[in-house]
Amino acid sequence: MATHPIGIIMNGVTGRMGTNQHLIRSILAIREQGGVALPNGETLMPDPVLVGRNEAKLEALASKYGLNRIETDLEQALADECNVIYFDAQTTSRRAAAIKQAISAGKHIYCEKPTATSLDEALELAELANKAGVKNGVVQDKLFLPGLLKLKRLIDSHFFGDIYSVKLDFGYWVFEGDWQEGQRPSWNYREEDGGGIIVDMFAHWRYVIDNLFGEIQSLSCLGATHIRKRVDEDGQPYKATADDAAYAIFELENGIVVQANSSWVTRVDRDDLLTIHVDGKYGSAVAGLRDCKIQHRVMTPRPTWNPDIPNPIAFQELWQQVPDNEPYENGFKAQWELFLKHVHTDSPFPWDLLEGAKGTQLSDLGLQAWRERKWVGVPKLAATVPAKHI
Ligand SMILES: NC(=O)c1ccc[n+]([C@@H]2O[C@H](COP(=O)([O-])OP(=O)(O)OC[C@H]3O[C@@H](n4cnc5c(N)ncnc54)[C@H](O)[C@@H]3O)[C@@H](O)[C@H]2O)c1
């Protein structure tokens, strides 16, 4: 059976996400498993070219993983017809310009979220891609996390009955950089460089809420920059100009209320770095990244408020774990495989640049709600130009 090589330009591949999630855990893992199997028995084999500004870093990465294609000039990589996909995991503020270049060169587009730092630019990317007839996709990795897949299983099997509310709690302490090195790149804490937790995390909350719970009708959001001075990768102090925490409420069209706390300034006392607590008529669930626990209505204890005695109920012990029941892939890899198949066979891939733009829309509206201190509505977005390839 034939094996089809598929050339992928990987830009921003020396970064945290580019190296770990996209190169090592996705593209190299797919190569090691022998490619992506197609329904007709043939195979797709990703053939990456590592693109960036620092040749030495690219060479080191390529030789470490047995690859031989590197390029410091994006135009050159785009000119090579073997490369059919352009992938971007650069810092957010650099993404739109590079994607436009790649669309002009006729490449299919796959990229990290957020696709751009403003809604106008995110929509422009979606329109340009559709006009050019290139396939396009945006990373929506949280949907592929085992914990969220289990939650989806519960929703699809009507475990909850009516869902009333969702508490989404994300965050951990990101060190300031003075006494312990920060575990995230410093640009994340500078607004002028595309940083900020609202821009970063609302892009995720949009697709998580859309895909699991329903359409968002309106929101309120209070952002904060709790830590105003941090120390960067070179040991230099800098002013943190971007929000490092956001306290939001989303009201969905179906009446569900979603509270979302996002923070890089919180010490974890939860089962996981992200927990999603869902309360419904017939049961509740708490999903983390991998696990998901449930409490059915018949297992619900009857607490009474009495601070004069020690708490008599071991609340945490009254939950049951949802079993795996299936093997789970790395979420980034699972989505890459679907995108590669989409490019080659036209199989469905719903998470396109327009869906990505919805994430940026929610970030923009979150920032607006914070700035203006009011509830804001979420207008519907639609592609104004129909996709050529559909
Ligand atoms: N899907 C997720 O869960 C997730 C998680 C974290 C970050 N991200 C997104 O991934 C993207 C990258 O984040 P990261 O944490 O890997 O950042 P990073 O700083 O580690 O990597 C950024 C990459 O961009 C390149 N770059 C930066 N400035 C450049 C310049 N002037 N010229 C050429 N290249 C340049 C860097 O060399 C590096 O390869 C961001 O858009 C971020 O929002 C997504």
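**Exercise 1. Which residue in β15 stands opposite valine 278?**

Step 1. The model is predicted: local features need pLDDT of at least 70, side-chain atom pairs count only at pLDDT 80 or more, and totals for chains, interfaces and linings use all residues. Residues are numbered from 1 along each chain as its sequence is written.

Step 2. Helices (H or I, at least four residues) and strands (E, at least two) are DSSP runs, numbered from the N terminus. Two strands pair if DSSP finds at least two bridges between them.

Step 3. Strand β15 (residues 283-287) runs antiparallel to β14, to which 4 bridges join it. A hairpin through 2 residues connects β14 to β15. Opposite valine 278 stands alanine 285 in β15.

**Exercise 2. Describe the pairing of β14 with β8 and the two faces of β14.**

Step 1. Strand β8 (residues 163-171) pairs with β14 in the antiparallel sense over 7 bridges. Threonine 275 in β14 has aspartate 169 opposite.

Step 2. In a regular strand, side chains alternate between the two faces of the sheet. In β14 (residues 274-280), Leu274, Ile276, Val278 and Gly280 form the covered face, and Thr275, His277 and Asp279 the uncovered one.

**Exercise 3. State the strand order of the open sheet and identify the strands at its edges.**

Step 1. The sheet has 9 strands with mixed pairing, in the order β17-β16-β15-β14-β8-β13-β12-β9-β18.

Step 2. β17 (320-321) and β18 (376-377) each have a single partner strand, so one side of each lacks a neighbour in the sheet.

Step 3. β18 runs antiparallel to β9 (residues 216-224), and 2 bridges join them. Serine 218 stands opposite glycine 377 in β18.

Step 4. Helix α9 (residues 353-372) lies across β9, β12 (245-252) and β18, at about 60 degrees to β9. Such angles run from 0 to 180 degrees between N-to-C directions, with axes fitted to C-alpha atoms, for helices over the stretch in contact. Contact requires C-beta atoms, placed from the backbone, within 7 Å of each other.

**Exercise 4. Characterise the shell around the ligand.**

Step 1. A residue is near a molecule if its C-beta atom, placed from the backbone, lies within 6 Å of it. Of the 19 residues around the ligand, Gly15, Arg16, Met17, Gln90 and Pro185 come nearest.

Step 2. Helices α1 (16-32) and α4 (92-104) are the elements that give two or more residues to this shell. The largest share, 3 residues, comes from α1.

Step 3. By class, the shell has 4 nonpolar, 8 polar and 7 charged residues. Ala, Val, Leu, Ile, Met, Phe, Trp, Tyr, Cys and Pro count as nonpolar, Asp, Glu, Lys and Arg as charged, and the others, Gly among them, as polar.

**Exercise 5. Locate the backbone features at proline 114, histidine 158 and asparagine 325.**

Step 1. Most residues other than glycine have a negative phi, and most peptide bonds are trans.

Step 2. The bond from lysine 113 to proline 114 is cis, with omega near -20 degrees. Proline 114 is in the loop between β6 and α5.

Step 3. Histidine 158 has phi near 60 degrees and is found in the loop between α6 (146-156) and β8. Asparagine 325 has phi near 65 degrees and is found in the loop between β17 and α8 (331-345).

Step 4. A residue is buried if 20 or more other C-beta atoms, placed from the backbone, lie within 10 Å of its own, exposed if 12 or fewer, and partly exposed in between. Histidine 158 counts as exposed because it has 10 C-beta neighbours inside 10 Å. Asparagine 325, with 9 other C-beta atoms within 10 Å, is exposed.

Definitions and conventions: Two residues are in contact if their C-beta atoms, placed from the backbone, lie within 7 Å.
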